[in-house]
Amino acid sequence: MADQLHTREPLRVPLANQPTRGHWLRYDAGVKVWLKRDDQTGTALTGNKVRKLEYLMAEALAGNATHVITCGGEQSNHARATAFAATQLGMKSVLLLRTDDPEKPPAPTGNILLDRLVGAEIVWISRTAWRDRERLMAEQAALVTAAGGSPYIIPEGGSNALGSWGYIRGMRELATQLADIASPEKPITIVYACGSGGTGAGLVMAAKLFGLADLGIRVAGINVCDDRPYFTEADIDIIDGHVGAGYAKSRPEELATIRDVCRSDGIIFDPVYTGKAFHGVVTELRKDPKRFGSAVAFLHTGGIYGLFASAESIVAML
Ligand SMILES: Cc1ncc(COP(=O)(O)O)c(C=O)c1O
């Protein structure tokens, strides 16, 4: 496979272990499920975010950045991945993390522990201040500049046009792997957890670019926050109705699905993204076994460290 993805492909710095493998699950969801293991893009850099960061960090390096600034929820996988990628590439990181009460930061579990371990500077911000996150990141950038450094700002989730290239490349990998499984007569659907939308944007653009609909490969996102109108442009298929108790809040049935997949296949899903979206797949299939065609290709986007922040509610399911 040629490494050059497209003549317009921007600069990329290799960070992810790729191609990631895929395999069928034993778990009985109603139809067969093939799992794309983007949880294996790395260890500290596990998950979908690292694919976006390959392009974003390349731009930061090209501009001689000394500090990378980004934002997210308190257990943000993206913020953790950004902090590790920055360190691996010789830069520092500043993370604006949203929490209920910035005066009383949350316990250092899961991603927060890793953010601390790698030496990221954490700026806790309230839910109200979050609405102003772009200005607050610009303020942090000004501080870096005033101290003689050179800042590079990455938006929430690494989701902008440049970051979307990560899943244009990711989809090329995936489509090659699915070529033997899918056909117009036996269509399959790639399903992913949709948060800030960048992963979906890349997948949907790539599906068009590579003409995947003609090969029997469709793409659908399950939103884990917001709602369908928030994400939906004409060509983006978002399956709403599975946000449940709210972003980063779990219902017992979602945690039970995480437990069951772990027990059937030894696969770890997280409560906020992959577990919630996969529970959505199972729920949709219960309503309509033909919903996704002959099989589902579920994109495992990582998020494993977030599991540790939900230890108490998960233990209650065991
Ligand atoms: C584990 C995991 N899966 C899925 C997503 C959703 O990806 P995106 O923000 O690109 O929609 C995220 C990030 O938000 C994530 O951390």
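View 1. Of the 16 residues around the ligand, the nearest are Lys49, Lys52, Ser196, Thr199 and Thr301; a residue is near if one of its heavy atoms lies within 4 Å. This is a predicted model, with local features taken at pLDDT of at least 70, side-chain atom pairs at pLDDT 80 or more, and totals for chains, interfaces and linings over all residues. Residues are numbered from 1 along each chain as its sequence is written, and side-chain values use heavy atoms, leaving out hydrogens and water. The shell splits into three nonpolar, eleven polar and two charged residues; Ala, Val, Leu, Ile, Met, Phe, Trp, Tyr, Cys and Pro count as nonpolar, Asp, Glu, Lys and Arg as charged, and the others, Gly among them, as polar. At least two shell residues each come from helix H1 (49-62), strand E7 (188-194) and helix H7 (198-209). Helices (H or I, at least four residues) and strands (E, at least two) are DSSP runs, numbered from the N terminus.

View 2. A polar side-chain atom of Lys52 sits 2.5 Å from a ligand oxygen. For Thr199 that kind of distance is 2.7 Å, and for Lys49 it is 3.0 Å. A polar contact here is a pair of N or O atoms within 3.5 Å. On its own the ligand has 380 Å² of accessible area, and the protein covers 98% of that (Shrake-Rupley method, 1.4 Å probe).

**View 3. Strand E7 is covered on both faces.** Seven of the seven residues in E7 are buried, meaning under 20% relative accessible area, with exposed over 50% and partly exposed in between (1.4 Å probe, protein chains only). Ile188, Ile190, Tyr192 and Cys194 take one side, while Thr189, Val191 and Ala193 take the other. In a regular strand the side chains alternate between the two faces of the sheet. E7 pairs in parallel with strand E8 (residues 217-223) over seven bridges, and Ala193 faces Ile222 of E8. Two strands pair if DSSP finds at least two bridges between them.

**View 4. Four parallel strands make an open sheet.** The order is E5-E4-E3-E6. Strands E5 (121-125) and E6 (151-153) stand at the edges with a single partner strand each, so one side of each has no neighbour in the sheet. From one strand to the next, the twist averages 25° (axes are lines fitted to C-alpha atoms, and angles run from 0 to 180 degrees between N-to-C directions). E3 (residues 67-73) is joined to E6 by three bridges and to strand E4 (residues 92-98) by seven. Val68 shows both pairings: Tyr152 stands opposite in E6, and Ser93 is the bridge partner in E4. As for cover, seven of the seven residues of E3 are buried.

View 5. Most residues other than glycine have a negative phi, and most peptide bonds are trans. Gln18 and Pro19, however, are joined by a cis peptide bond, with omega about 5°; Pro19 belongs to the segment before strand E1 (22-24). Asn64, in the loop between H1 and E3, has a positive phi near 55° and counts as exposed at 61% relative accessibility. Ala248 also has a positive phi, near 65°, and is partly exposed at 43%. Asp39, from the loop between strand E2 (32-37) and H1, is buried at 8%. Asp39 and Ile267 lie 228 residues apart in sequence, yet 9.7 Å apart in space, C-alpha to C-alpha.

How values were computed: Polar contact = N/O pair within 3.5 Å; in protein donor to acceptor, adjacent residues only side chain to side chain.
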